[in-house]
Amino acid sequence: MDFLDSRRKCSSAGKVIVVAFFIAGCVVMLRQMYSPSYTSPNLFSQHELGVTHVLVTGGAGYIGSHAALRLLKDSYRVTIVDNLSRGNLGAVKVLQERFPEPGRLQFIHADVGDAKAVNKIFAENTFDAVMHFAAVAYVGESTMEPLRYYHNITSNTLVVLEAMAAHNVKTLIYSSTCATYGEPVKMPIREETPQASFCFTQLLFLPINPYGKAKKMAEDIIIDFSNTNDMAVMILRRVFHRNVSSFFSSSHHSDTNDAYVYRYFNVIGSDPEGRLGEAPRPELREHGRISGACFDAARGIIPGLKVKGTDYKTADGTCVRDYIDVTDLVDAHVKALAHAKPRKVGIYNVGTGKGRSVKEFVDACKKATGVEIKVEYLDRRQGDYAEVFSDPSKIKQELNWTAQYTDLQESLKIAWKWQKSHLNGY
Ligand SMILES: NC(=O)c1ccc[n+]([C@@H]2O[C@H](COP(=O)([O-])OP(=O)(O)OC[C@H]3O[C@@H](n4cnc5c(N)ncnc54)[C@H](O)[C@@H]3O)[C@@H](O)[C@H]2O)c1
């Protein structure tokens, strides 16, 4: 009896041990299966020969998402950091769907002004370069909320630079603006067009709004810092046009508002293959960008457009400006990355070098959308230049970059196609 009992006890204990081993085995297997190191070893934390890992700040935004797409297409490894304050998670999802392979793209929801978070991101990832796009970027808004702009642009750039210094990341492509030149007296705008001037004995900075000033300060910080080490820095400035509201505005603003709501012509277009587009938050529409106003008018969201000034000394009497397609712009960034060299600071204006009149733009917009947008032609306002455009010869010579998407109507058509299929954004 005792013998039988002890046999039974032994076999039960054996079964328990077997089951325990089985459960433990399952747990280990499941852990392995679902641990990131099993599904995808964290490739973002390792350098890989022949793979350049780029941190794209603001990669959920208009330009940043297009830049991330191009980098991914060119086989770069991309980490997007964005706080989604203005960008679209939808854009990130589009990219994730296109590039699902391990080690291609990761998205980190974080604020680049949060030094602790940024430091952690740099500690956990091995970046080879940073493309810093994250910023608030509306001239009119900057005049109303200057502190926000200095904080978000200048101070956040400092945080990014400090993290780069601490973690030995040596290449920075900085997205700046020709708003840093203020109101240049001579056209075209060249890289050596002054950003500051002496008035008697005082040095005056020329940018005329907090957006331009904040970007100029960020540039200065980057340049000063790069002088102390072997960083490779490329600063790309986009053509900026002052006070656009004074000669092209959507009809739903009163003139009083226009007096301090600055808008600027700038980047237009979207991904030619229709994967990405420009989708600013509805509340930002009033600060408007040129193609946004045009599409809103075409969709009937605003009643029409006002063009101010028809008697300038230009071919058709309206002001002439320089427009850059986002695809070209992103190409300039990628070329800058490829040409970045230690101890070199490259500063480039990115524009077509060719001016287009406001009337031409409006006509192109009408043709691209197929909508007879209502346009009011009004008297000009004081202080607008007849023509504003950049001289892109330096970037052509040094980076072998020239704008390819210079057909205004075609750029607008591509962007309109995306707009029509994404009436509520992403
Ligand atoms: N669009 C233009 O016409 C233009 C012209 C000249 C320069 N730029 C510059 O290009 C860059 C991108 O502009 P955009 O037109 O794509 O703007 P956007 O608003 O579409 O994108 C900016 C992105 O940065 C993110 N962001 C903002 N603050 C952040 C923060 N603190 N932390 C993390 N993410 C943050 C936003 O969520 C957004 O996704 C900006 O630096 C802007 O100054 C734009």
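Predicted model: local features only at pLDDT ≥ 70, side-chain atom pairs only at ≥ 80, totals over all residues.
Around the ligand lie 28 residues, of which G58, G61, G87, A135 and N266 come nearest. By class, the shell comprises 11 nonpolar, 12 polar and five charged residues.

Helix α7 has 21 residues and reaches 29 Å from its first C-alpha to its last, which is close to the 30 Å expected at 1.5 Å a residue, although a kink of about 25° is found in the helix, centred on N156. N156 is itself among the buried residues of α7, a group that also includes Y149, N152, I153, T157, V160, L161 and M164. The cover over the buried residues of α7 includes β1 (53-57), α5 (115-124), β4 (129-132), α6 (139-144), β5 and α8 (210-226). Following α7 is N168, whose phi is positive, near 60°.

Strand β5, which forms part of the cover over α7, is itself mostly covered, with seven of its seven residues buried. T171, I173, S175 and T177 point one way from the strand, whereas L172, Y174 and S176 point the other way. β5 runs parallel to β4, to which it is joined by three bridges, and M131 stands opposite I173 in β5. β5 also runs parallel to β8 (residues 232-238), with seven bridges joining the two strands, and here S175 stands opposite L236 in β8.

Notes: Residues numbered from 1 in each chain as written. Near = placed C-beta within 6 Å. Nonpolar A, V, L, I, M, F, W, Y, C, P; charged D, E, K, R; others polar. Helix = DSSP H or I, 4+ residues; strand = E, 2+ residues; numbered from the N terminus. Expected span 1.5 Å × (residues − 1). Bend = angle between axes of the 7 residues up to and from the residue. Buried ≥ 20, exposed ≤ 12 C-beta atoms within 10 Å, placed from the backbone. Contact = placed C-beta atoms within 7 Å. Pairing = 2+ DSSP bridges.
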